[in-house]
Amino acid sequence: MAAFPLLLLCSLLLATSTAADQCHDDDHAALVAIDTALGSPYHFASWTPDSACCDWYDVDCDAESGRVIGLRVFQDTNMSGAIPDAIANLTFLQTLTLHHLPAISGAIPDSLAALSNLSQLTISHTGVSGPVPSFLGLLTALTGLDLSYNSLTGAIPPSLADLPNLSSINLRRNHLSGAIPTLLLSKSPDQAYLWLSSNNLSGAIPAEFATVDFAHIDLSRNALTGDAACLFGAGKSSLQHVDVSRNALRFDLSGVEFPENATYIDLSHNGIRGGIPTQVANLTNLQQFNVSFNRLCGEVPAGGNMARFDRYSYLHNKCLCGAPLTACRQRPINYLH
């Protein structure tokens, strides 16, 4: 009779180790199909029939269920072809990373819309082209989206604004055009992070951004116009990094209140007018401040942390003066006789 509990315990331990040591048959078949679609590259040399696929390089499995929840493929200049549709058969996938694979090309396949559990999607530094697919708005578990350093074209789909858990979007270094969707990241449950730099985006910065709790926003090197004051204000306590340089923005900086925790502010190469708010001198965490190549006038604020910034932070404005630039001219005194 004593042998029965021992046998039961061994069976339980075997079942646990089996789930942890080998993946589901459907996931195994999907991974084999991915390998085949990409021409069985050397990168997947560990993907052999005599080993459990949860032990394969780039594959992560859930310890309890044994299902594949992560596929992370990094740094292979020789891997070529289109993104395989078979990835969509990894139905429990939570993280998909295809990074620094410059010979991977073609469009992002519609089949990925089936990955309803996906929370992190990274396709970056590849040769992928075509649009940012609107079906991404169906992936409601998505928290982070990185499609940077590709050759994507067209507009940013408004459907991204529908995602209730999305807090980070990185689309920099593509060829995207059109306006920024007005409600982008408006539903972010946490601090928001947005990188849209080095595209061909136009139009205004959405006024709705005033209500988004940004920690980091980079809209530099586009063709954006109008006002960027909505990004600032006393209520933006989370905001640390703002870069809107090299656009065509036109607004008065005089009344802008910079966030108290800001570490990086670059407003250079625009058409911003007015003066530099004296409050900037009180931003103790500010490490980078650049307002060069604008139409600013008046005296550069003094004291506080301003000694950190040299003349290159202020060059090529309409009539800025004061240290570290040339001294301001004193106004002539009018004597009454």
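1. Let's start with who sits beside N170. Leaving out residues up to four places away in sequence, N170 touches L145, D146, L147, S148 and W195. Keep in mind as you look around that this is a predicted model.

2. Where is N170 in the fold? Find strand β8, which covers residues 168-170, and you'll have N170 in view. Is N170 buried or exposed? N170 counts as buried because its relative accessibility is 7%, and the cut-off for buried is under 20%.

3. Now move along to the loop between β9 and β10, where you'll find S188. S188 has a relative accessible area of 18%, so this residue is buried. Again, the cut-off is under 20%. Which residues does S188 touch, not counting those up to four places away in sequence? They are L166 and S167. There is a polar contact here as well: a polar atom of the S188 side chain lies 2.7 Å from the backbone oxygen of D190.

4. A179 belongs to the loop between β9 (175-178) and β10 (192-195).

5. Time to zoom out. How many helices and strands does the chain have? Two helices and 20 strands. As for contacts between residues at least 6 apart in sequence, 49% of them join residues at least 24 apart.

6. What about overall shape? The C-alpha trace spans about 120 × 50 × 35 Å along its principal axes. The radius of gyration is 26 Å, whereas a compact globule of 337 residues would come out near 20 Å.

7. Last, the surface and the charges. Of the chain's 337 residues, 48% count as buried. The accessible surface comes to about 16300 Å², and carbon and sulfur atoms account for 53% of that. The chain carries 16 positive and 28 negative charges, and the mean positions of the two sets are 23 Å apart.

How values were computed:
Residues numbered from 1 in each chain as written. Predicted model: local features only at pLDDT ≥ 70, side-chain atom pairs only at ≥ 80, totals over all residues. Heavy atoms only, no water. Helix = DSSP H or I, 4+ residues; strand = E, 2+ residues; numbered from the N terminus. Rg over C-alpha atoms; globule rule 2.2 N^0.38 Å. Buried < 20%, exposed > 50% of the residue type's maximum accessible area, 1.4 Å probe, protein only. Contact = heavy atoms within 4.5 Å. Areas by Shrake-Rupley, 256 points an atom, 1.4 Å probe, with all protein chains shown as cover. Lys, Arg positive; Asp, Glu negative; His and termini not counted. Charge placed at Lys NZ, Arg CZ, Asp CG, Glu CD. Polar contact = N/O pair within 3.5 Å; in protein donor to acceptor, adjacent residues only side chain to side chain.
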